[in-house]
Protein chains: 2
Amino acid sequence: MRIALDAMGSDHAPQVDVEGAVRAARRFGQEMVLVGQEDVVRQELAKHDTTGLSIQVVHASQRIEMHEHPSMAVRSKPDSSMVVAMRLLRDGEVDAFVSAGNSGGVLATALASAGRVGRIKGVLRPAISSVLPTLEGRAFMLDIGANADCKPEWLAQFAIMGAVYAERVLGITNPRVGLLANGEEETKGNAVVQEAHGLLKQLDLNFVGNVEGKDLVKGAADVIVSDGFAGNVAIKTAEGTASMLLSVIRSEIKARPLAMLGGLLAKPAFKAAARRLDYREYGGGPLLGVNGVVIIAHGRSDAYAMENAVRVAIEAAQNHVVETIRQGIEKSAISGQSIAGQDTE
Amino acid sequence: MRIALDAMGSDHAPQVDVEGAVRAARRFGQEMVLVGQEDVVRQELAKHDTTGLSIQVVHASQRIEMHEHPSMAVRSKPDSSMVVAMRLLRDGEVDAFVSAGNSGGVLATALASAGRVGRIKGVLRPAISSVLPTLEGRAFMLDIGANADCKPEWLAQFAIMGAVYAERVLGITNPRVGLLANGEEETKGNAVVQEAHGLLKQLDLNFVGNVEGKDLVKGAADVIVSDGFAGNVAIKTAEGTASMLLSVIRSEIKARPLAMLGGLLAKPAFKAAARRLDYREYGGGPLLGVNGVVIIAHGRSDAYAMENAVRVAIEAAQNHVVETIRQGIEKSAISGQSIAGQDTE
């Protein structure tokens with residue numbers, strides 16, 4: 001298996017991206033293709049022992065920055081690392097593509113660049129996904145940013161894609177699908193969510209109804225469906241709150257000598273807790289609905305997170321996630337419950 | 001000053017509601033009016049020493065439950081504690097009303113019941129607010145549930161009302177107003193948020209732009225403006241994440257004898273951290289935009305939270321929040337920047 005990795009993606013590119021690729025090549029024994037400005041990438045690569053590893057470099061002269069407007073950047077930078085890597089994916093030269101860059105840029109690259117892989121047949125809109133740590137495990141969330149305004153049918157398709165991914169790639173049998181809302185009752189939600197609720201009830205899914213913000217992280221559902229606006233707010237609020245709370249605890253401990261001793265003794269417990277909640281463990285989330293395995297990693301990833309994002313890519317490719325989603329969407333159409341027929345492209 | 005308190009409101013009513021009223025009467029030296037089923041309320045009151053306190057009981061034979069549909073419940077229960085208390089407010093017999101009951105019910109009672117206080121002139125939609133603990137202090141959020149679908153002008157008015165409240169009641173000079181969004185850039189947000197962003201830039205406010213979920217809790221703004229859907233998701237996700245993280249830390253500490261000792265030594269630090277983040281400290285948030293001081297407390301409030309909700313009510317009434325908001329809305333209209341003229345009622 002060959003995995004392309006955007007060497008110019010993350011906030012700390014190319015250091016962590018290249019180091020992540022090296023670590024992944026060693027750990028998983030697959031071929032890595034680093035895409036980026038060749039001299040810079042080779043200079044980074046030279047810092048690591050790559051004996052026995054298969055790591056190729058493909059040159060791309062441009063880079064899409066974090067704060068660039070996605071579709072404009074993609075149009076004006078046809079030789080960016082994202083576009084070049086996506087072309088490799090489209091042409092079947094790699095089995096998956098991982099980037100920690102501008103997520104809107106990755107999406108735009110998949111849909112509208114010279115490397116365009118396009119959408120899976122029948123998919124109305126692709127969704128960006130992520131894994132959210134919960135009390136007992138993890139929840140798979142989508143969309144977290146591709147589509148700020150959604151139609152009810154899009155949310156229904158996100159549910160299908162999320163359930164397929166959770167079952168086939170994450171190994172969750174009969175995953176519980178929840179709809180993010182401002183209350184548990186069916187009557188809650190904005191107009192789009194209320195309509196989506198009706199659609200989800202008709203689909204062949206283990207739909208557990210609306211899920212509130214407070215129940216998300218308690219593990220009320222395995223798959224959380226949302227528009228890209230509220231989903232983004234939820235996942236970033238969870239991330240920010242966890243980090244804020246740890247800061248507050250740390251500062252209160254530091255203010256008390258005896259508590260500092262206590263904190264030292266309790267350190268292994270804190271570490272274990274942090275590990276359970278560490279976003280780096282799952283590395284990245286797939287861009288679901290596009291015609292190829294594309295994994296979007298966190299912009300502030302470190303090498304360990306990048307390494308795990310490559311693992312996610314390998315698992316998604318090995319489990320034929322694209323084909324499985326195609327079938328899931330098609331099946332929902334055949335059963336007359338879909339939606340796929342409404343593709344307006 | 002006289003404050004009406006819904007004795008049948010909270011999840012643990014009437015115990016905590018009555019106890020909260022007794023504590024508030026003693027702490028603040030104001031008159032309390034408990035509204036609820038008289039025999040039940042008096043039975044609760046008898047458990048406390050009320051010597052020297054001014055606590056009146058007003059009978060209301062019905063109760064609106066947490067899971068009732070607000071407008072239907074309000075219509076079918078004209079003698080509910082909420083409706084009766086709201087009537088006291090409307091008739092000027094009390095200066096404020098506090099309830100930990102069904103928040104949609106409180107809203108519906110304010111707008112459409114026999115006790116209807118109605119909206120402040122020029123206000124398009126009232127908003128439910130809450131205080132969110134942040135790293136260094138607190139942020140004031142609205143709307144957190146009254147309006148799942150909003151128009152841009154409503155969000156602009158929420159900003160005005162929130163800024164007025166933060167300045168006049170919370171004592172924050174020139175409060176920074178942020179708009180909840182899925183990214184900092186002005187181009188982020190759903191369609192409504194993008195349009196609201198344009199309106200907010202034109203208003204005479206200290207508008208700091210879009211605020212992401214992760215920056216909310218870092219204190220990126222003093223007032224966070226949102227529709228009632230995303231605002232509800234954000235505040236409940238923050239609440240759920242904090243509680244989840246504490247559970248995870250607790251379970252990891254308990255799994256290690258040495259860490260348990262450490263946890264014991266660090267307990268005062270944990271307690272201080274918990275106090276900084278405790279929602280009970282601010283008790284409740286005002287229902288802004290209605291023609292009276294109405295405070296909505298958390299459904300799972302305890303007596304201490306109820307006591308603090310009464311404090312919020314007293315502060316809001318003392319600072320003439322209704323009149324100040326009326327002026328704020330009117331001023332924004334006079335300056336040609338509003339919105340208030342679009343009231344369609």
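Two strands count as paired if DSSP finds at least two bridges between them. Helices (H or I, at least four residues) and strands (E, at least two) are DSSP runs, numbered from the N terminus.

## Model and numbering

This is a predicted model: local features need pLDDT of at least 70, side-chain atom pairs count only at pLDDT 80 or more, and totals for chains, interfaces and linings use all residues. Residues are numbered from 1 along each chain as its sequence is written, while chains are lettered from A and ligands numbered from 1 in the order in which they are written.

## Chain A overall

Chain A has 13 helices and 11 strands. Its C-alpha atoms fill a box of roughly 60 × 55 × 35 Å along the principal axes. The radius of gyration is taken over C-alpha atoms, and the globule rule is 2.2 Å times the number of residues to the power 0.38. For 345 residues a compact globule would come near 20 Å, and chain A agrees with 20 Å.

A residue is buried if 20 or more other C-beta atoms, placed from the backbone, lie within 10 Å of its own. Buried residues make up 60% of the 345 in chain A. Two residues are in contact if their C-beta atoms, placed from the backbone, lie within 7 Å. Among contacts in chain A between residues at least 6 apart in sequence, 71% join residues at least 24 apart.

## The sheet of chain A

The 11 strands of chain A form an open sheet with mixed pairing, in the order 3-2-1-4-11-10-5-6-9-7-8. Strand 3 (55–59) and strand 8 (206–211) of chain A are at the edges with a single partner strand each, so one side of each has no neighbour in the sheet. The twist averages 25° from one strand to the next. Axes are lines fitted to C-alpha atoms, for helices over the stretch in contact, and angles run from 0 to 180 degrees between N-to-C directions.

Strand 7 (residues 176–180) and strand 9 (residues 223–225) of chain A run parallel, joined by 3 bridges. A:Leu179 stands opposite A:Val225 in strand 9. Helix 6 (residues 152–168) of chain A packs on the sheet and touches strands including strand 7 and strand 9. Its direction makes about 165° with that of strand 9 of chain A.

## Strand 11 of chain A

In strand 11 (residues 293–297) of chain A, 5 of the 5 residues are buried, so this strand is largely enclosed by the rest of the structure. A:Val293, A:Ile295 and A:Ala297 point one way; A:Val294 and A:Ile296 point the other way.

Strand 4 (residues 96–99) of chain A pairs with strand 11 in the parallel sense over 4 bridges. Here A:Phe97 has A:Val294 as its bridge partner. Strand 10 of chain A runs antiparallel to strand 11, with 3 bridges. A:Gly284 is the bridge partner of A:Ala297. Strands 10 and 11 of chain A form a hairpin with 4 residues between them, and A:Gly289 in the turn has a positive phi of about 105°.

## Where the chains meet

57 residues of chain A are in contact with 56 residues of chain B. Helix 9 of chain A gives the largest share of the side of chain A that touches chain B, 21 residues.

## Chain B

Chain B also has an open sheet of 11 strands with mixed pairing, in the order 3-2-1-4-11-10-5-6-9-7-8. Its edge strands are strand 3 (55–59) and strand 8 (206–211) of chain B, each pairing on one side only. In strand 9 of chain B, B:Ile224 is the bridge partner of B:Gly178.

Terms used: Buried ≥ 20, exposed ≤ 12 C-beta atoms within 10 Å, placed from the backbone.
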